[in-house]
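Dear colleague,

Please find below the structure that I am handing over to you. My notes on its cavity, its pockets and some of its helix contacts follow it.

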Amino acid sequence: MKQKARQANIELLRIVAMLMVVMLHYLTKGEATVSMVENLGPLNMILWFIKALCVVAVNVYVLISGYFLLEAKWKVSRLVSLWLQMMFYSLGVPLVCLMLGVGDIKQWGLYDWINVVFPIQMEHYWFITAYLILYILVPVLSAGVKQLNQKQHGWMIAGLLLVISVPKSVLPIGIPTDRYGYDFGWFICLYLIAAYIRLYGVKFLNNKRKALFTYGVLVVLIWGVSGGLGWLTREKGLPLSYAMDMVHCYNHILVLAASVALFCGFMYLRIPRGIFGKVICGVAPYTFGVYLLHENIVIRLLWQEWFGITSVQGSFRFLPHMIVTVLVVFGIGVVVDYLRAYCFDKTKKVLKKS
């Protein structure tokens, strides 16, 4: 029963992470936030604080996967299943929108259709491209990790962070090797961190209160550091706008630390048996479909328009509008993916009988 309770906690974190992803896309692609170099007003600062709260979402999602993949049996069927789920959205959404006359698909050229037919190679969904490469490498990574002792494992992670994360976190200039956390190299680093947490834990974050308090402190630091750099750029004329933007990158050291703290906080969370836990475990398997639907190339910049984000820009009405919009987008995505999974399951049964 403890294992089931713990599973519900992680599934709840999966739901929270996807809500954060949708909220980030609301803020960025809906052009809700304005650079702090231009605007240090209260509403803009609140929105940037929300962004600081949510920027851990992608890291958390990969940490969840890495935590369980370390001991899970690697399956080709899982790889195929993920690819089919992706293709259902990558190709299916444009075809449905074409029939309904949504978007500018009728003006699409060859490149656009290649984008949806070969989504991994074209990075239609950058997360899927990085994640699939990670999953292919998991057997090698897991076998390698199990050959290391704790000290060696820790030094390996430290070495990767010194190359990928630390320089971009302290230097105020662009680094040619920096991919901002949008690649499989960063996902491998996150996998190794998740494996370390599973094998050895994190002593400083060994209970719920410590971990969640640390997450809160780090969120304030992310927000404060980026705001401070914005103020120095605006008021003192210092060339720090690039460094300000980097604070909200997935591979920034503060974002990574906040991601680990939030993950550990939910690890030690206990959800009692009952309807709440059942609902969480029932909804969580369909959360990834939320990403695949609302980030499809056809509608990733349209749904903000459908929900009328521009009508509340510059007003505190933004906050309730954002909450309602995010919940509706999440709910629609879960329902659609439930129907997709139901159809896949029925098709699988028919094929087996055949």
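**Cavity**

The lining of the largest cavity comprises 4 nonpolar, 1 polar and 2 charged residues; here Ala, Val, Leu, Ile, Met, Phe, Trp, Tyr, Cys and Pro count as nonpolar, Asp, Glu, Lys and Arg as charged, and the others, Gly among them, as polar. The model is a predicted one, in which local features need pLDDT of at least 70 and side-chain atom pairs count only at pLDDT 80 or more, while totals for chains, interfaces and linings use all residues. Residues are numbered from 1 along each chain as its sequence is written, and side-chain values use heavy atoms, with hydrogens and water left out.

A search of the whole structure returns 1 cavity of 30 Å³ or more. On a 1 Å grid over the protein atoms alone, a cavity is a set of points where a 1.4 Å probe fits but cannot get out, whereas a pocket is an open set with protein on both sides within 12 Å along at least five of seven lines; lining residues have an atom within 4 Å of a point. Grid points are joined across faces, edges and corners, and a volume is the space filled by probe spheres set on the points.

The largest cavity holds about 40 Å³ of space. Its lining is formed by Val163, Ile164, Pro167, Lys168, Ile175, Thr177 and Asp178. Two or more of these residues come from each of α8 (150-164) and α9 (166-170); helices (H or I, at least four residues) and strands (E, at least two) are DSSP runs, numbered from the N terminus.

The largest pocket contains about 1,100 Å³ of space. Its lining has 33 residues, and those nearest its centre are Ser77, Arg78, Ser81, Leu82 and Gln85. Two or more lining residues are given by each of α1 (2-29), α3 (57-69), α4 (76-100), α7 (126-145), α15 (287-294) and α17 (318-353). The largest share, 8 residues, belongs to α17. By class, this lining has 17 nonpolar, 7 polar and 9 charged residues.

The second largest pocket contains about 540 Å³. It is lined by 26 residues, of which His25, Thr28, Trp126, Tyr182 and Tyr250 are the closest to its centre. At least two lining residues come from each of α1, α2, α3, α7 and α15, and α1 supplies the largest share, 6 residues. The lining of the second largest pocket divides into 16 nonpolar, 4 polar and 6 charged residues.

**Helix contacts**

Two packed helices are described by the angle between their axes and the distance between the axes. Axes are lines fitted to C-alpha atoms, for helices over the stretch in contact, and angles run from 0 to 180 degrees between N-to-C directions. Angles under 35 degrees count as roughly parallel, over 145 as roughly antiparallel, 65 to 115 as roughly perpendicular and the rest as oblique.

How are α8 and α10 oriented to each other? Their axes come within 10 Å and cross at roughly 150°, α10 being residues 184-200, and the two helices are therefore roughly antiparallel. The crossing of α8 and α10 is left-handed (the near helix is turned anticlockwise from the far one by less than a right angle; clockwise would be right-handed). Residues of α8 in the contact (heavy atoms within 4.5 Å) include His153, Ile157 and Leu161, and those of α10 include Trp186, Cys189 and Tyr196. By class, the contact has 13 nonpolar, 4 polar and no charged residues.

The axes of α2 (residues 42-54) and α11 (residues 208-236) come within 9 Å and cross at roughly 130°, so α2 and α11 are oblique to each other. Their crossing is right-handed. In this contact, Met45, Trp48, Phe49, Ala52 and Leu53 of α2 meet Tyr215, Val219, Val220, Ile222, Trp223 and Gly227 of α11. These residues divide into 10 nonpolar, 1 polar and no charged.

The axes of α15 and α17 come within 7 Å and cross at roughly 105°, which makes α15 roughly perpendicular to α17. Contact residues include Val290 and Leu293 of α15, and Phe330 and Asp337 of α17. The contact of α15 with α17 has 7 nonpolar, 4 polar and 1 charged residues.

Yours sincerely
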